[in-house]
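Please keep the sequence and the 3D view at hand while reading.

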Amino acid sequence: MGTRVFGEPVRRREDGRFLTGRGRFLDDLGRGALAAAFVRSPHAHARITDIDVSGALDVEGLVAIYTWEDLPGRVGDPLPLLIPHPALTHGRTGYPLARDVVRHVGEPVAMVVAHDRYLAEDAAERVHVEYEPLPPVVGIEAAARAEHLVHDDVPGNVGAVLVQETGDAAAAIDAAPHALEFRLSIERSASTPLEGRGVYARWDADDGSLRVYSSTQTSTSVRAAIAARLGLPNGKVEVVAPDVGGGFGVKIVHPWPEEVLVPWAARLLDRELKWTEDRREHFVSAAHERGQVQDVRVGFDDAGRVLGLDVRIRHDHGAYTPYGIIIPIVTSTQLLGPYKIGAYRAEVTSLYTNTLIVTPYRGAGRPQGVYCMERTMDRIARHLGRDRADVRAANLIQPDEFPYDQGLLFQDGRPLIYDSGDYPELLRKARELIGWDGFAAERAAASRGRRLGIGLGLYVEGTGVGPYEGGHVEIDTAGRVHVSTGLTSQGQGHETAFAQIAAAELGVPLEDVHVTTGDTRRFGYAVGTFASRAAVMSGNAIALACRKVREKALRIAADALEADPRDLDVTDGVVHVRGDMSASVPLRTVAVLSNPLRYAFDEEAAAATQFAVGRPATEPPVASGEEPGLEGRGYYSPVRSTFASGAHAAIVEVDPDTAEIAILRYAVVHDCGRLINPMVVEGQIHGGVAQGVGGALYERMAYDESGQLLNASFMDFLMPYATEVPRIETGHLETPSPLNPLGIKGAGEAGVIPVSAVIASAVEDAEGVRVDAMPISPDDLHTLRLRAADDPSLRVREGARTG
Amino acid sequence: MKPPPFGYHAPRTVDEALDALAAAPSGKVLAGGQSLVPLLNMRLAAPSDLVDINRIAELDALRAGDGGVRVGALARHARVERSAEAAAVQPLLGQALRHVAHPVIRNRGTVVGSLAHADPAAELPAVLAVLGGTVEAASSRGRRTIPAAELFAGPLESSLEPGELAVSAFFPALPPRTGTAFTETARRHGDYALAGVAAVVTLDEDLRVRAARAGYLGVSATPLVLDLSGAAGPRGDWAAAAAHVRERVDPESDIHAGAAYRRHLTGVLTERACAAAAAEALRKAGE
C-alpha cells in the first residue's frame, strides 16, 4: 500500500466548498419554488375555536392556506411515535397542523403558500385564529404538581416512569458507612444548528414521483414517512439531504410536520414548494433538550467507593413524545460512566409540559447523567476530605475487567456491556495534561485576591448503536471510486473520513475517492446520523464493501495477469504481483474487464482488449453468482454498541467582584478507539466543548410562567461566540473496539458530555460555595455568594478546596 | 422573518432626504441598518417608507477640532473607533466604541444611528450624555441642535420628530487634566451590557479631584449621568462613589441578570472606571 491514509490528519475535503460559500444548502435550491410560511400558536395551551382566513385572501401572490380540516386521510393523522417503549405508557404526538388544542407556543396551526416567503408571511399575519386559553403547565415543578394537565387523558402529566436497577440500592445506602442526599438541576438548551430545518419538494406528475430535499439527519426514514403518509410506493419518492448546516440531534426527528405538509401540498398544487425555517421558528417549533431535576442518595465507604446509588430524576419532555424516552434511557444508563457502582437504582419520571418538545441534542441525556455522577463524586470527596481525582480513581473499572457488564439495558435494547477502555490511564493523562497535582501550588502562587479553581469529570459514551448501515463502492472505468452510504452528513467531515477508509482498504489514491451520503437515489437503506454512529456504522460498512470490491478486482486481475489472486496487491490504484510492479493492471482496466459489454467509449476500454480475459464458449459471459461491474455492497450490523470514553479537566477564574467566570484552561483526553482522522476527531471535540461551554455558562430557555419563550433569538439565547470558547488542549488514547472490523468508536458527541460537570466542579472549587444548578451565570454566582454568606451549609469545606 | 412591504427612497442630498421624510410621516431613516433591519425582519417595526441615506456623501464626515469631535450621520463606528485625530480630542469615543457589538457590525453601524436609536443599553448614548454633547437635526422646517439631556426621551425613543434627520453628533473635547475610561460587563463579548460606565475625572492643579462624572448604560430607561464629585471627595474615594451610585441607580431585572446584581455590578464598574479615569488624568497632568 502507498501512503498511509487511515489515521492521518488529512484536511477536510468539504471545507473548500463551505469556506468559499459554494455549499449547497436547502435554501440554495429551488429558487423558483413557491414558499410556505406557518401560522403558529402564540399560546402555550389553548383551544382553537375559530380560524378565519378571509383577511389574508386579498394578499397578492397568495396561493393557498391550509388548516387541519384540509388534510386528507393519513396526511392529517397524528405524527408517529418513533420509538415506543413499555415504560412510555402515555406517549402522545401532535398533528401536522393543530386539530383543536395547541400545547406549546410555536405549534403549527395553518400553512400558507405564496409566491415568495415575504408574501407568505404577509398573508400568515392576516390569518385570524381565535383561541380559548387553557391553563399552561410550565416547568418541572408545575408538571409534577399536576394542578393542570397538558393532555386531558394523561394523569399527573406523567408520560413514562422508567426504572433501571442492579442490586438493592436502598439497602446498600443504608448499610454504607457514609451517606449523602442532595438535589441537582440542569436547565434546557437546544441544538441550534446554524442552518435551521427546511424542506423543498418537486412533484413530477407525468412520472408520478416526488423528489424531496430536506435538511435532515435521516433521508431514508424521511422517505419512508412521506411515502406512507402520501400513499406512494417508496420507489416513487426520492429524498436527498443536501449540504446540511449542522444538526446536533434536532434533525433526526422525523417526519417533522413540515416534512409531511410541504411534499403533500407540492403534489396537490403540482408546483415546486419550499419551506425554509427562520430562527424564531426554530426556537419555538423545533426541539429543545436537557432540563432535569435529580434527587440523589448515595452511600459510600471511607475510600470513597460508592456502595449504593439511588437517583430519582424528573425529566421535562415538553408537549409531546415523538422520539419516545431515549433521553431518560440514556441518562439513567450512562450516568454510571466509568465507575463500578455497588448497587444502583434510577427512576426517571418523564413529564409533559406546555413547552416545546424535548428530543436528543448532542449528548442526548449523557450530559445530565454525567453531571449527576460527577457532582456526586465531588460531594463524596468533600465529605471525606479526599482528593476529588483519587475518589474517582477508587471507583474506576480496571482495564482487565473488560468486557464489563453494568447489568442494565442500553438505548438499543441490548445489555449495557462496555467493550474496551482504559479508564485509569484516561484519568492519569487528564491529571497530567491539566497539571492537577501541581494546581495547589499554582493557586497559592497566584496573586492575592485571584480566585482560581480546578475541576474534572469522566464519562463513558455508548456509540455506534445499530441496527445497521450499509455502504456501496463502485470503481468506474476512469479509475474513480464512488462510495455511497445512506446516512447523512451535517458537517462532520464524512467525505474525508469515509474516503480515507476506502482509500486504505482498496489501495487507491485518496483523491480518486468520491463520497456521497444521505441520497436515497444512491443508497436506499440506512438508519441515520445520530448517537455518534456514522463512523462506526457506515465506516465499517464501507470497509466491508471495499473488501468485496478488492477481492473481486484481484480475482479479475489474476485472470488477466495469469497469476494467483493471493499473490496480488493493490498500490496507488494498480493491481500488481506483490513485489513486482511490472506485472500489473490498473483498477480502471479491471473495471472494464468486469463488464463483458465492452463498447470502446474510452481509451481504457480499448486498452483492456489486450488482456485476453474471455470465458469458454460453453459458459455464459457472466458466470453464475457473478455480476457485471466492479462494485460491491456491504452492511455492518453490530451485536451492541461500542463504548468510547474520556476525561475533561478545566481551570477557571472567578471575578471576586463581578462574579464573572472565565475558563483559563480546558483539557480533554479522549478515547474513541482507532482514529480515522485525528484532525476531524479534534474538530468534533472542539465543537462539542464549545456547545458544552454554552450549556455550562450561557444557554437556557427562558420560559415565563405563561409558557412564552422570552429569548427566542440569538440576541438573547446566549450561544457562545468564539470569544467565549477557551483554547482546548487534547490528548488521545486509542483502545480499539473488539466489536468491529476497524476497531473504531464514535466521537461525535464526546466533547459536550462532561462540560457542565467539569465547570461546576471548577467553579465550586474556586469559589468555595456549592454549585448544584447549571448553567451558572454571574448573577447566579453572585446570588450564591450572598446566600452562602448567611448559610454555612452552602459553603464547601475549606479542606477540600485544594483538591 | 421577512419585512412587510415598505416604500424605498435613496436620496443623493440631505435636502432630497428631508423632502422624502416630509412626504412619509411614518418613514424611517436607514443608515447602517444594524438595529433597524432586524426590527423590520421580525416585524417589530413596520414603517411606511425607508429613506436610505447611504448615498449622501456629505454625511460621511468626521472632523476633530479644538472644540470637539463632530461625527456625520454616515460615519461608521469602525472609522471613528480607529481615528487617531478623534481619540486625541475625545478618547472616550474610541474607548466606548470598542465595546459596541462586533467588528462586522461596527463596519456598517453608524455613531449617529446608534444615538437616534436611543437604546439605553447602548454605549454611545451614555457617552454623549456624560460628555454633554449634542445632536444636529435637520428637517424641511429647518435645523436645530438637541442637547444630549433632551435627546433621550425613553427606551428606544428619541426626541427627534417625524420628518427630522439627525445629520451629525458633536462630542466636546476634554478640559485639561482630565481622564476618561469606559468599562462594561456583558454576558458574551459584544453583547448589550448588563451594566456599563463611562467615567470622566478632572483634577485640579494640586492633583485633587475637581470633578467626577459617570454615564451609565443598561441600568435606566435613558442614559443616566451622575456627578460623583461630592461622593468621591477631593482624594477620589471611588469606593464611596460606588456606594453612592448603588443607592442612586434603580435597574430592572431581565432574563440575563436581576436588579440586585445589576446594582451591585454598577458599583463595581463605577469604582473601576473612575479609578482608571483618575489615573489617566494624573498621567496627563504630568505631561
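A crossing of two helices is called left-handed if the near helix is turned anticlockwise from the far one by less than a right angle, and right-handed if it is turned clockwise. The model described here is predicted. In chain A, helix α10(A) passes α11(A) in a left-handed crossing.

**Helix packing in chain A**

- Two packed helices are described by the angle between their axes and the distance between the axes.
- For helix α10 (residues 388–395) and helix α11 (residues 423–434) of chain A, the angle is about 165° and the axes are 10 Å apart.
- Angles over 145 degrees count as roughly antiparallel, and α10(A) and α11(A) are therefore roughly antiparallel to each other.
- From α10(A), the residues A389(A), R392(A) and A393(A) make the contact, and from α11(A) the residues P424(A), L427(A) and R431(A).
- By type, the residues of this contact between α10(A) and α11(A) divide into 4 nonpolar, no polar and 2 charged.

**Strands in chain A**

- Strand β19 (residues 469–475) of chain A runs antiparallel to β25(A), and 6 bridges join the two.
- Within this pair, E474(A) stands opposite E631(A) of β25(A).
- Another part of chain A forms an open sheet of 3 strands, in the order β22-β23-β24, with antiparallel pairing.
- Its edge strands, β22 (568–571) and β24 (580–586) of chain A, each pair on one side only.
- Ignoring direction, neighbouring strands of this sheet are turned by 35° against each other on average.
- Strand β23 (residues 574–577) of chain A pairs with β24(A) in the antiparallel sense over 4 bridges, and V574(A) stands opposite P586(A) in β24(A).

**Strands in chain B**

- Strand β3 (residues 49–52) of chain B pairs with strand β1 (residues 7–9) of chain B in the parallel sense, over 3 bridges.
- G7(B) stands opposite D49(B) of β3(B).
- Strand β2 (residues 28–30) of chain B also pairs with β3(B) in the parallel sense, over 3 bridges, and the bridge partner of K28(B) in β3(B) is L50(B).

**Contact between the chains**

- Chain A brings 22 residues to the contact and chain B brings 16 residues.
- On the side of chain A that touches chain B, α2 (117–125), α7 (279–285) and α19 (778–790) of chain A each supply at least two residues.
- The most comes from α2(A), with 4 residues.
- The residues on this side of chain A divide into 7 nonpolar, 4 polar and 11 charged.

**Backbone geometry in loops of chain A**

- The peptide bond from F402(A) to P403(A) is cis, with omega near -5°; P403(A) is in the loop between α10 and β16 (404–409) of chain A.
- The peptide bond from G466(A) to P467(A) is cis, with omega near 0°; P467(A) is in the loop between β18 (451–463) and β19 of chain A.
- A531(A), a residue other than glycine, has a positive phi near 55° and lies in the loop between β21 (513–517) and α14 (534–561) of chain A.
- A531(A) counts as buried because 27 C-beta neighbours lie inside 10 Å.
- E562(A), a residue other than glycine, has a positive phi near 55° and is in the loop between α14 and β22 of chain A.
- With 9 other C-beta atoms within 10 Å, E562(A) is exposed.

Methods:
Residues numbered from 1 in each chain as written. Chains lettered and ligands numbered in written order. Predicted model: local features only at pLDDT ≥ 70, side-chain atom pairs only at ≥ 80, totals over all residues. Contact = placed C-beta atoms within 7 Å. Nonpolar A, V, L, I, M, F, W, Y, C, P; charged D, E, K, R; others polar. Pairing = 2+ DSSP bridges. Axes fitted to C-alpha atoms, helices over the stretch in contact; angles between N-to-C directions. Parallel < 35°, antiparallel > 145°, perpendicular 65-115°, else oblique. Buried ≥ 20, exposed ≤ 12 C-beta atoms within 10 Å, placed from the backbone.
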